[in-house]
Amino acid sequence: MDIVYFAWVRERIGLAREEVETSAATVADLVTELSGREERYAAAFADLSALRVALDQELSDFDAPLVGVREVAFFPPMTGG
Amino acid sequence: MQVRVQEAGFDPGAQSNDFAAGCSGAGAIVTFTGVVRDIEGGGLVAMEIEHYPGMTQTALEKIAAEAEARWSLADVLVIHRYGRLKPGAQIMMVATAARHRRDAFEAAEYMMDYLKSRAPFWKKEILLDGASEWVAAKADDEDALTRW
């Protein structure tokens, strides 16, 4: 599965994209798994209320299942317009 | 519907004229142009706009399609830039054409409200002293969606 990061999430983790092997059932499980890896992930995911998630380029939420998902994106609330 | 995500600048006047020319029969055309605003007291060197290439076009088309479903519109135009923009530069533009002005105004406002918080763009301010800061989303912008 590909994970992509944007804005300050990308800067904090230090990566724009990575491929991970995971058996996480939901987005929240994936977040727990990543946060356990290294401090930079834990710092980026410290406050989930400050984050948004998209699954295969559609906005989703942290309870969503990851079955069949190819791309997960984490980013701060959007500031378009 | 015309939706364009681009790095290049654009001329809002020319875009507006082209859009109007393609909407014969529309009695009302509303356009909105968003411009890079300097910080208070000056000192903004640039605004860097990041986006999610795979998702941006689809997200904008979805917002435009919803506007077309809710109001009686002849056409809709959305242009949104990304990359490094200087103060005073155009960031984005929305145009709506309808037989009557209420549809055109409301649809344009609806699209602006959704573009603010549902289109995958992130803005970073680059300041004169070399500092940079991500622009935080405003609670007001999120609240604005509840009126629709």
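Chain B of this predicted model has a mean pLDDT of 95, and 100% of its residues reach 70 or more, pLDDT being the predictor's confidence in each residue, from 0 to 100. For the complex, the predictor gives an ipTM of 0.94 and a pTM of 0.94. Local features need pLDDT of at least 70 and side-chain atom pairs count only at pLDDT 80 or more, whereas totals for chains, interfaces and linings use all residues. Residues are numbered from 1 along each chain as its sequence is written, and chains are lettered from A in the order in which they are written.

Four helices and eight strands make up the secondary structure elements of chain B, assigned as DSSP runs (helices H or I, at least four residues; strands E, at least two) and numbered from the N terminus. Along the sequence, these follow the pattern β-α-β-β-α-β-β-β-α-β-β-α. Of the contacts in chain B with a separation of 6 or more, 77% link residues 24 or more positions apart; a contact requires C-beta atoms, placed from the backbone, within 7 Å.

The interface comprises 21 residues from chain B and 13 residues from chain A. On the chain B side, helix 2 (53-70), helix 3 (101-118) and strand 7 (121-127) each supply at least two residues. The largest share, five residues, comes from helix 3 of chain B. By class, the chain B side divides into twelve nonpolar, five polar and four charged residues, where Ala, Val, Leu, Ile, Met, Phe, Trp, Tyr, Cys and Pro count as nonpolar, Asp, Glu, Lys and Arg as charged, and the others, Gly among them, as polar.

Definitions and conventions. Contact = placed C-beta atoms within 7 Å.
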